[in-house]
Amino acid sequence: MHNTPAQSLGRYLITPLTRLTDTGQYAASVSVRRGMHDRVFRLIPRFDSAANAERYALAQGQHFVLNNQLA
């Protein structure tokens, strides 16, 4: 699993995560943390590069926070 530096968005810390699957594609996940609480979301699309998976995970994490979809 590969993770990149986290991004702060208000009171949240968003960390995109990627991993190489058995098929040679990259899976994306995103961690959204507020204080001591952390939620990790596994995302469905697969990607041909880790960079694309990372961008998608970061965008999804931002979307979850900005649209109040963490409840």
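In the predicted model, the radius of gyration is 12 Å. A compact globule of 71 residues would have a value near 11 Å, so the protein agrees with that expectation. Along the principal axes, the C-alpha trace spans about 35 × 20 × 15 Å.

The protein contains 1 helix and 5 strands. Read along the sequence, these elements follow the pattern β-β-β-β-β-α. Contacts were then considered by sequence separation.

Burial and surface were examined next. Buried residues account for 32% of the 71 residues. The protein exposes about 4,800 Å². Carbon and sulfur atoms supply 50% of that area.

Charged side chains were also counted. There are 8 positive and 4 negative side chains in the protein. The centres of the two sets lie 11 Å apart.

A search of the whole structure for aromatic pairs returned 2. One is formed by Phe41 and Phe64, with ring centres 4.7 Å apart. Their planes meet at 45°, so this pair is tilted; stacked pairs need planes under 30 degrees apart, and edge-to-face pairs need over 60. Phe41 belongs to strand S5, which covers residues 37-47. Phe64 belongs to helix H1, which covers residues 50-66. The pair therefore ties together parts that are 23 residues apart in sequence. Phe41 has a relative accessible area of 17%, and Phe64 has a relative accessibility of 13%. Each counts as buried because the limit is set at under 20% relative accessible area.

Another pair joins Phe47 and Tyr56. Here the ring centres lie 5.3 Å apart. The planes stand at 45°, so this pair is tilted as well. Phe47 is buried, at 14% relative accessibility. Tyr56 has a relative accessible area of 27% and is partly exposed.

Terms used: Residues numbered from 1 in each chain as written. Predicted model: local features only at pLDDT ≥ 70, side-chain atom pairs only at ≥ 80, totals over all residues. Heavy atoms only, no water. Phe/Tyr/Trp six-rings, centres within 6.5 Å; stacked < 30°, edge-to-face > 60°. Helix = DSSP H or I, 4+ residues; strand = E, 2+ residues; numbered from the N terminus. Buried < 20%, exposed > 50% of the residue type's maximum accessible area, 1.4 Å probe, protein only. Rg over C-alpha atoms; globule rule 2.2 N^0.38 Å. Areas by Shrake-Rupley, 256 points an atom, 1.4 Å probe, with all protein chains shown as cover. Lys, Arg positive; Asp, Glu negative; His and termini not counted. Charge placed at Lys NZ, Arg CZ, Asp CG, Glu CD.
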